Amino acid sequence: MALLTGVAIAAIGTPAYAQDKPADTTEGGLVEITVTANKRSENLQQTPVAISAIPSEQLELRQLNEVKDLGSIAPNVAVNGGTTNATAAVITIRGIPTAADETQGYDSPIGVYLDGVYLARSSAASFDVADIERVEVLRGPQGTLFGRNTTGGAVNFVTKAPENELGVRVKAGLGNFGMWQVKGTLETGTIGDVMRMSITGMHKQRNGTVNNLLQPKDSLDPGGYKIDGFRIAAELDLADNIKLTNIFDWTRIKGVPPANQLSAVGNGTFRPNVTFGTAQVAQVQPANVAAYLATASVLQTQCGTPLSSVSLTRLDSMCLDQAGLSTDKIWGNLTRIEADMGGVKLRSSTALRRWRNKIEGSDLDGLGTLRGPVLTSATTLNGMPLATLEMLFGVGSPTAAFLAGSSVPNGNMSLFQANNDREQDQFSQEFELVSDTDGDFQWVIGAFYFKESGREVNPQNFAFILDTNDQGPLGVFNPTNFGGLAPLLVAGNPVRYRASVQSSTLGYTAGGDSKALYAQGTYRPGGKDGALGITLGLRYTWDHKWVKRFQNGTTAYTNPTDIALNSREVNFSAPTGNLSIDYRASEDVNLYARIARGYRSGGYNLRQSTQKDNPATLLIDETVPLLPFNEEKIWSYEVGAKMEFARRFRLNMAFFYNKYSDLQATIPIPISGGGSFGTQVVNAGAIDYIGFEVEAMAKVNDIITLDGSVGYTHKNVKQFPGTDTLGNTINIASVITPGNSPDWTASAGVNVKVPMGSADGTFRLGWSYVSEQVMFGNPMTAPFQAETAAGSRSLLDAQFRIDGISIGGVKAGLTIWGKNLTDKEYVSRGVDFGQLGFGSVIYGDPRTFGATLDLNF
């Protein structure tokens with residue numbers, strides 16, 4: 001198989017439960033990898049699960065230290081960036097992505113963990129302050145041993161335990177875009193033979209990567225940030241058989257959200273109905289923003305014309321008049337007690353985490369301050385011919401004369417601008433009993449409890465561009481409004497395209513809790529080293545969700561009916577589990593087959609409209625309560641092989657078939673006369689995922705090591721709901737392309753050891769690939785699906801590290817690194833605004849490079 005196909009170098013697990021660093025037990029061979037996927041130490045090659053990870057040495061070398069760096073470490077794993085804050089990301093594993101909507105009514109299909117603690121919100125995931133021991137990725141549904149049931153997979157960041165020796169580590173770095181960082185760690189060593197502590201503080205900052213022409217400070221350009229944090233980890237030996245671990249971390253991130261660049265605007269082209277059998281489905285008609293921008297202007301002269309800011313290629317400079325700071329404050333505490341009770345280990349993990357986010361301004365159009373004609377009720381007829389107005393108000397009417405002599409007013413606006421104020425708190429408690437590793441039967445049983453609460457206030461200001469000559473329900477001068485005068489008003493209309501400047505606020509509180517009991521056992525008839533193994537795991541989960549939405553429009557709810565319709569709670573429960581059989585055909589080959597059932601809790605779509613159209617009258621005449629959507633289910637079937645030959649070549653392969661049912665699908669609820677579509681989530685989707693993964697590592701000699709991976713996922717959409725022109729729900733699966741779900745991922749790397757006398761040098765050249773992907777899967781409701789999609793991207797990174805340098809008796813290391821060396825322009829995220837008439841994209845980082853120096857005292 002061409003050179004490389006994976007990084008089969010570690011595994012997923014829960015936190016570093018007394019796991020020792022792997023030792024190179026065969027001189028000159030590949031390092032044996034120990035993993036904890038089953039909550040006990042096992043050899044990677046003997047663990048019947050698709051797992052990947054990167055240890056600390058490679059993390060340091062490759063400058064991988066946050067969620068957004070995960071895309072290059074495992075097959076069938078891709079990451080797209082956030083839209084409005086620095087910590088959010090969309091993670092995709094085996095074609096299944098985390099929710100792109102960051103409201104708190106959804107659970108994630110991908111579990112993200114820090115030292116085994118489940119992080120309910122991806123926006124609250126930041127790990128810069130931590131000393132990461134390894135990053136682990138487990139692909140496929142997790143139905144038994146992990147904190148929350150997930151359908152796509154799990155990612156665990158495992159931090160370093162305090163060291164036994166007194167020491168100080170300092171790392172400082174510089175890079176382009178004004179980047180600099182400093183991080184210091186004090187290791188207390190063993191105190192009184194019972195206690196060890198590690199205390200870390202850090203600061204990191206960078207200027208923006210896109211020049212905001214309206215912002216003189218480079219540090220406040222889009223993509224700029226300042227990160228401060230500290231972490232205290234302590235281990236205490238309460239007795240010979242009892243250990244207490246406590247980890248506290250705090251991080252503050254101040255940054256400007258990435259630049260949203262307009263990639264497309266509506267031009268008035270009609271989108272005809274699409275036929276599905278005998279049914280007709282209407283497509284969203286985007287507003288003719290292009291015609292409006294052609295006659296509008298920008299207040300700031302350095303910004304050029306509005307249409308000059310619309311581009312399908314990356315702009316180095318933009319005008320973002322509403323780009324303000326986004327501030328994230330994240331802190332958490334984990335207390336873990338482990339007791340060895342002679343053949344059985346009891347483990348208790350108690351965790352608190354809190355996230356606060358405030359966005360002072362998010363500019364989602366990049367136009368500067370737009371100035372153009374506006375529509376108000378008092379000025380609708382301004383500038384119309386006097387004769388036409390006299391037919392309406394009477395001959396000689398002073399009102400007719402006044403309106404005829406008045407011009408259509410102009411106003412200042414943004415196409416789309418938003419602020420946000422949100423927070424989330426969570427508490428979790430987990431108890432586990434784990435058997436020892438002796439004997440032919442090994443087991444683990446546990447209980448899990450999780451509780452969270454949060455709130456959000458999200459004001460939005462936008463301009464809805466109206467074609468006032470349109471004779472449909474959105475046209476101002478149509479026969480419904482003006483009868484026989486409509487043709488004369490259209491003929492005399494002084495300004496056809498006008499902006500209706502609107503504002504809307506989404507406000508809610510939400511929360512819930514989850515309880516689970518689980519157990520898993522492995523039986524090997526031939527003893528713990530026997531060839532045949534059978535593993536059975538079972539879990540039962542009970543979830544409770546509640547929401548109280550107090551605003552979804554221009555004003556807060558005050559009517560008792562509205563309040564009742566928007567205060568809801570619901571319960572879900574489901575059994576999950578897995579069954580696997582593995583066969584160690586030889587010391588070099590391990591074969592396995594696995595069946596797993598996954599579950600993702602239901603919830604609420606907090607952006608759902610509570611108003612609905614009547615297709616017969618095209619008027620809003622029905623009130624819809626805030627409706628829950630139910631849980632998703634997945635059955636996963638997987639076969640794999642793990643092979644290692646002569647401790648020189650490691651090859652791991654997996655083939656999978658995932659059957660997803662009751663998919664949480666978002667469908668539009670059009671609102672006549674409004675500025676956009678409401679949405680509702682229903683459980684009517686079904687997708688089959690079929691794919692494979694290959695990972696490989698080869699130690700060519702003592703100098704050169706190769707690694708690589710390739711993953712492929714085919715998605716067969718079998719059911720997806722759409723609404724026809726008569727209001728009936730039909731299946732439109734034939735036109736759906738799952739969003740944030742690339743077909744192919746691949747990576748390759750060459751590591752070269754460079755002898756440098758008493759020092760050790762390592763050079764790595766790495767390549768990663770992600771195929772094209774759309775961000776919005778339904779072209780019926782996403783008119784700019786193609787213009788907001790991400791094309792395929794190939795990124796080239798390189799690093800060179802020198803270890804073992806002695807500076808005045810102090811051990812030192814130097815890393816010189818570069819990412820995206822070819823300066824590839826690629827889309828990391830896109831937003832289709834549908835009926836509002838435009839789409840925007842966010843580009844990934846351009847070429848970045850720098851150097852870090854670390855000192856060990």
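Reply: The account below begins with the surface patch, passes to the salt bridges, and ends with the strands and the nonpolar cores.

The model is a predicted one. On its surface, a nonpolar patch of about 950 Å² is made by Leu 532, Ile 534, Leu 536, Leu 538, Leu 579, Ile 581, Tyr 583, Leu 591, Ile 595, Trp 635 and Tyr 637. Four strands each supply at least two residues of the patch, namely β29 (532-553), β30 (567-584), β31 (589-600) and β36 (632-645). Strand β29 gives the largest share, four residues. Leu 538 is located in strand β29. With a relative accessible area of 53%, Leu 538 counts as exposed, because the limit for that class is over 50%.

In general, side chains of opposite charge can pair when their charged atoms come close.

A second salt bridge of this kind is formed by Arg 764 and Asp 707, with the closest N and O atoms 2.9 Å apart. This pair, too, links distant parts of the chain: Arg 764 is in strand β43 (residues 759-770) and Asp 707 is in strand β39 (residues 704-719), 57 residues apart. Arg 764 is buried at 3% relative accessibility, and Asp 707 is buried at 4%.

The structure holds 42 salt bridges. Among them is the one in which the side chains of Glu 235 and Lys 243 meet, at 4.0 Å from N to O. Glu 235 and Lys 243 are both buried. They also belong to a network of salt bridges that links Arg 196, Glu 235, Asp 237, Lys 243, Glu 338, Arg 347 and Glu 432.

Strand β11 (residues 166-175) pairs with β12 in the antiparallel sense over 10 bridges, and Val 168 has Leu 186 of β12 as its bridge partner. The hairpin of β11 and β12 has three residues between the strands, and Phe 177 takes a positive phi near 55° there. Strand β12 is joined to strand β13 (residues 195-206) by eight bridges, and the two run antiparallel. Lys 183 has Met 202 of β13 as its bridge partner. β12 and β13 form a hairpin with six residues between them, and Gly 189 in the turn has a positive phi of about 70°. Strand β12 (residues 179-188) itself has two faces: Met 179, Gln 181, Lys 183, Thr 185 and Glu 187 form the covered one, and Trp 180, Val 182, Gly 184, Leu 186 and Thr 188 form the uncovered one.

An open sheet of three strands has the order β4-β5-β6, with antiparallel pairing. Its edge strands are β4 (77-81) and β6 (96-97), each of which pairs on one side only. Five bridges join β4 to strand β5 (residues 89-93) in the antiparallel sense, and Val 77 has Ile 93 of β5 as its bridge partner.

The largest nonpolar core has 36 residues, of which Val 289, Tyr 292, Leu 370, Leu 415, Phe 416, Ile 465 and Phe 838 touch the most other members. Two or more residues of this core come from each of β17 (261-265), α2 (289-295), α4 (398-404), β26 (416-435), β27 (441-467) and β28. Strand β27 gives the largest share, five residues. Leaving aside neighbours within four places in sequence, Phe 838 is in contact with residues including Leu 262, Val 289, Leu 415, Phe 416 and Phe 784. Apart from this core lies another, of 24 residues, among them Val 67, Leu 70, Val 135 and Val 155.

Definitions and conventions
Residues numbered from 1 in each chain as written. Predicted model: local features only at pLDDT ≥ 70, side-chain atom pairs only at ≥ 80, totals over all residues. Heavy atoms only, no water. Patch = residues over 30% accessible without salt bridge, like charges linked within 9 Å, V, L, I, M, F, W, Y side chains within 5 Å. Areas by Shrake-Rupley, 256 points an atom, 1.4 Å probe, with all protein chains shown as cover. Buried < 20%, exposed > 50% of the residue type's maximum accessible area, 1.4 Å probe, protein only. Pairing = 2+ DSSP bridges. Core = buried A, V, L, I, M, F, W, Y, C linked by side-chain atoms within 4.5 Å. Contact = heavy atoms within 4.5 Å.
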